[in-house]
Amino acid sequence: QVQLVESGGGLVQAGGSLRLSCAASGRTFSTYAMGWFRRAPGKEREFVAAIWSGRWADYADLADSVKGRFSISRDNAKNTVYLQMKSLKPEDTAVYYCAAQSDSTGSSRRNHERYDYWGQGTQVTVSS
């Protein structure tokens, strides 16, 4: 069982930055692929970013809508994954969810149905 707790959301002006954190319980954190998804009001859940660990390095994937502005990283010693968000836009406003996937290959990283554990979400609001 893995428990995920997000933090770092809030209200920010357009062009600003936020860093979301997701702290995970469990001793096998490093074996999980980790993802960030978001859901804006009236919209479907959307993939934002994912990170998974290969034999020699971590690999990351970002949605086109956030490439160049967001980055994802993980600290396995702290059981934490981060989403650094810069140059925020009003359309980034959403509830952001952290998720963990036991499929460590990353092959299904964009498919929310393939994630096994979810956090409660943290609200990000970007004002224009």
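Strands (E, at least two residues) and helices (H or I, at least four residues) are DSSP runs, numbered from the N terminus. This is a predicted model, in which local features need pLDDT of at least 70 and side-chain atom pairs count only at pLDDT 80 or more, while totals for chains, interfaces and linings use all residues. Residues are numbered from 1 along each chain as its sequence is written, and side-chain values use heavy atoms, with hydrogens and water left out.

Figure 1. Read along the sequence, the pattern is β-β-β-β-β-β-β-β-β-β-β. The radius of gyration, taken over C-alpha atoms, is 14 Å, close to the 14 Å from the globule rule for 128 residues, so the chain is as compact as a globular protein of that length; the rule itself is 2.2 Å times the number of residues to the power 0.38. The C-alpha atoms fill a box of roughly 40 × 25 × 25 Å along the principal axes.

**Figure 2. Arg 38 in strand β4 (residues 33-39).** Arg 38 is buried, at a relative accessible area of 5%, where buried means under 20%, exposed over 50% and partly exposed in between (1.4 Å probe, protein chains only). Its side chain is joined to that of Tyr 96 by a polar contact of 2.9 Å, that is, a pair of N or O atoms within 3.5 Å, of which one must be able to donate a hydrogen and the other to accept it, with residues adjacent in sequence counting only if both atoms are side-chain atoms. Beyond neighbours within four places in sequence, Arg 38 is in contact (heavy atoms within 4.5 Å) with residues including Glu 44, Glu 46, Glu 91 and Asp 92.

**Figure 3. The largest nonpolar core, with 36 residues.** Such a core is a set of buried Ala, Val, Leu, Ile, Met, Phe, Trp, Tyr and Cys residues joined through side-chain atoms within 4.5 Å. Leu 4, Met 34, Trp 36, Val 81, Leu 83, Met 85 and Tyr 96 touch the most other members, and the strands that each supply at least two residues of this core include β3 (18-24), β8 (80-85) and β9 (94-101). Leaving out residues up to four places away in sequence, Leu 83 touches Trp 36, Phe 70, Ile 72 and Tyr 96, among others.

Figure 4. Most residues other than glycine have a negative phi.
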